[in-house]
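Thank you all for coming; I would like to take you through one structure this morning, looking at its side-chain contacts and at its surface. Please have the sequence and the model open as I speak.

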Amino acid sequence: MNFTYYGHSCFSVEIKGTKLLFDPFITPNELANKVVNADTVEADYILVSHGHADHTADLVSIAKRTGAKVICSWEIYEWLGKQGITHVHPMNTGGKWNFDAFTLKVVVAHHSSGLPDGSYGGNPLGFIISSEEGNFYYSGDTALTLDMQLIPTWAELNFAVLPIGSNFTMDVEDAVRCAAMIKCQQIIGVHYDTFGFIKIDHDKARKAFADTSCVLHLPKIGETVTMK
């Protein structure tokens, strides 16, 4: 599975030639917009963990340009309809669906969710993606929660994508504890450095994971890495 990082919590994973784009926030991100052009990002599916602007800023434009199917909460589905986006598959916590190239299980995330117009964005979501090429977990923006202990009962993970910036989400210490709960040693960190509130020490973060025999990957913006 090829993982491409677009900054903050925006990334794509290619599975069997199918491109899954997560939480598109590129254009307003000063760390990303000089490296990545949102108008050229490809997607077959767009998965949205929640409605905050730092996860949806480029959602409508990319969805219109690519025709990608958007997977999101019911409330974001309704909001997208008002933006003229109709190729949407609404889901909610606990749901599961087979999208041919992959199967998606929606799991608990503890956070908040509001849309750009101030309306309610529904439950924040986490995702387990299972496929013939492997399985991974994207927690979305979340606090550490005991619900994470259920993740390995649903899938044996090749890697997990976790927020590590603190203030709005888990910090590094809690992400290390999450890695133990989900029984995953290959972790990709997201939701850090974008704003002053969430800047981290990269070396300390990597060491915290290494001390528990885990590997923390911090790809550069625009970088593609192969996860096995």
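Let me begin with the naming of elements: helices (H or I, at least four residues) and strands (E, at least two) are DSSP runs, numbered from the N terminus. With that convention, Phe 197 lies in the loop between β12 (186-190) and α6 (202-210). What we have here is a predicted model, in which local features need pLDDT of at least 70 and side-chain atom pairs count only at pLDDT 80 or more, while totals for chains, interfaces and linings use all residues. Residues are numbered from 1 along each chain as its sequence is written, and side-chain values use heavy atoms, with hydrogens and water left out.

Together with Phe 168 and Phe 195, Phe 197 makes a nonpolar surface patch of about 320 Å². A patch takes residues with over 30% relative accessible area and no salt bridge, joining like charges within 9 Å and nonpolar side chains (Val, Leu, Ile, Met, Phe, Trp, Tyr) within 5 Å; the areas come from the Shrake-Rupley method with a 1.4 Å probe, and for residues only the protein chains shown count as cover.

Now to the aromatic rings. How many aromatic pairs does a search of the whole structure find? It finds 13, given that rings of Phe, Tyr and Trp (its six-membered ring) pair if their centres lie within 6.5 Å, with planes under 30 degrees apart counted as stacked, over 60 as edge-to-face and the rest as tilted. The pair of Phe 3 and Phe 159 is edge-to-face, because the ring centres are 6.4 Å apart and the planes stand at 90°. This pair links distant parts of the chain, since Phe 3 is in strand β1 (residues 2-5) and Phe 159 in strand β11 (residues 159-163), 156 residues apart. Phe 3 is buried, at 0% relative accessibility, and Phe 159 is likewise buried, at 0%.

By contrast, Phe 11 and Phe 22 have ring centres 4.5 Å apart and planes at 10°, so this pair is stacked. Phe 11 belongs to strand β2 (residues 11-15) and Phe 22 to strand β3 (residues 18-22), so the pair ties together parts 11 residues apart in sequence.

Let me finish with the charged side chains. A salt bridge here is a side-chain nitrogen of Lys or Arg within 4 Å of a carboxyl oxygen of Asp or Glu, and by this rule the count comes to five. In one of them, Glu 132 pairs with Lys 16, the closest N and O atoms being 3.3 Å apart. Glu 132 lies in the loop between β9 (125-131) and β10 (134-138), and Lys 16 in the loop between β2 and β3, so the bridge ties together parts that are 116 residues apart in sequence. Glu 132 is exposed, at 73%, whereas Lys 16 is partly exposed, at 46%. In another, Arg 206 meets Asp 203 with the closest N and O atoms 3.9 Å apart, and both residues lie in helix α6, three residues apart, about one turn of the helix.

How values were computed
Buried < 20%, exposed > 50% of the residue type's maximum accessible area, 1.4 Å probe, protein only.
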